[in-house]
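Please read it alongside the sequence and the structure.

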Amino acid sequence: PGFPHRPPPGREHIVSQASAVSPAGIARPARRGGSMGDLIFEWACKGAGLFVLVLLGAIIVELFIAGLPAFRAFGLAFITSTDWDPVQEAFGAGVSIYGTLVTSVLAILLAVPLAFGVAFFLTELAPPWMRRPVGTAVELLAAVPSIIYGMWGFFIIAPAFGTYIQPTIIDTVGELPLIGALFQGPPFGTGLFTAAFILAIMILPFIAATMRDVFEQVPPVFKESAYGLGATRWEVMTGVVIPYTRISVVGGIMLRLGRALGETMAVTFVIGNANRLATSLFDPSTTIASVVAMEFPESLMGSLKQSSLLALGFLLFVISFIVLALSRYLLRSRLK
């Protein structure tokens, strides 16, 4: 007592460095001299992050510069115009933007209920021995290449839709007022609805896996408390699990929406590739990705058509970026 504590000889500098406090009042770990490996690793990680930003900026700038002649030639009307006539050099992105948004949103509407059912089954209903095999089987759907989905849709789904599904829907739902106009027309088999169905199957495993992982993060005490009060499984899911995870679920869904927006080959096989504004979900149409895939090999270098295709790519990049940025915002706000 009365004597201040002193560190052992030779350790004064270590104690002084270890006790350094940041302006925020948080103790900072001391950096040992000569840690060249840590410094190299730190700058390598920073360089990787900056490289991604630079690459992303370079892509969007290059697409904008390459599509600038089309924007100069047609102005803002390029976004809303429904023309696509290579002979007259009249190009517009209205039809492809419309087809991209309709197929993607409809795919989300079809996939989310199925994904929710899969996640609900795996987290609440399935016995422990069944959860891993079923979860693995669902995730394996994500490993199927998009070209395989496109071939399967063209040779199996489109004929089945044109022969059985679409005629039945046209004769029943197509006769209803208001919404009936969306389900009328000749049953070609291909069209917006078929493309959306294929997209829904493609994004289903991603949404289901996201929902399952998020549902498993709910503290067990929350669900046990609800069960203790007499709630059913459905009431626990709708009153406890979904409110607790809603922002993360919405963020995961929007991430998959960004994936659906840019799908190319699977959609190209089954959408019909007709440059017209579809009034029915069974009408053939086109998307930005399918137009670029079909038309780009035939475009001449430096032509207005090629510039218009690159402008379409720029618009798709902007739409996807907005969707993904919004989803990341939702996920980050959930973590806060």
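**Fold and overall figures**

The model is predicted.

- Of the chain's 336 residues, 39% are buried.
- Among contacts in the chain with a separation of 6 or more, 72% join residues 24 or more positions apart.

**Nonpolar core**

- The largest nonpolar core contains 71 residues.
- Within this core, F78, I207, M211, F215 and L312 have the most contacts.
- Two or more core residues come from each of α2 (36-74), α4 (94-125), α6 (146-172), α7 (192-215), α9 (233-261), α10 (265-270), α11 (288-295) and α12 (304-335).
- Helix α7 gives the largest share of the core, with 16 residues.
- Leaving aside residues up to four places away in sequence, F215 touches F116, A119, T123, M237, V241, T245 and V249.

**Largest pocket**

- The volume of the largest pocket is about 190 Å³.
- Its lining is made up of L56, G258, G262, L316, F317, S320, F321 and L324.
- Helix α12 supplies 5 of the lining residues, the largest share.
- Sorted by class, the lining has 5 nonpolar and 3 polar residues, and no charged ones.

**Positive phi angles**

Most residues other than glycine have a negative phi. Two non-glycine residues with a positive value are described here.

- E89 is not a glycine, yet its phi is positive, at about 55°.
- The position of E89 is in the loop that links β1 (84-85) and β2 (90-91).
- E89 counts as partly exposed because its relative accessibility is 46%, and partly exposed covers the range between under 20% (buried) and over 50% (exposed).
- L178 also has a positive phi without being a glycine, at about 70°.
- The loop between α6 and α7 holds L178.
- L178 has a relative accessibility of 85%, so this residue counts as exposed.

Notes: Residues are numbered from 1 along each chain as its sequence is written. This is a predicted model: local features need pLDDT of at least 70, side-chain atom pairs count only at pLDDT 80 or more; totals for chains, interfaces and linings use all residues. Side-chain values use heavy atoms; hydrogens and water are left out. Buried means under 20% relative accessible area, exposed over 50%, partly exposed in between (1.4 Å probe, protein chains only). Contact means heavy atoms within 4.5 Å. A nonpolar core is a set of buried Ala, Val, Leu, Ile, Met, Phe, Trp, Tyr and Cys residues joined through side-chain atoms within 4.5 Å. Helices (H or I, at least four residues) and strands (E, at least two) are DSSP runs, numbered from the N terminus. On a 1 Å grid over the protein atoms alone, a cavity is a set of points where a 1.4 Å probe fits but cannot get out, and a pocket is an open set with protein on both sides within 12 Å along at least five of seven lines; lining residues have an atom within 4 Å of a point. Grid points are joined across faces, edges and corners, and a volume is the space filled by probe spheres set on the points. Ala, Val, Leu, Ile, Met, Phe, Trp, Tyr, Cys and Pro count as nonpolar, Asp, Glu, Lys and Arg as charged, and the others, Gly among them, as polar.
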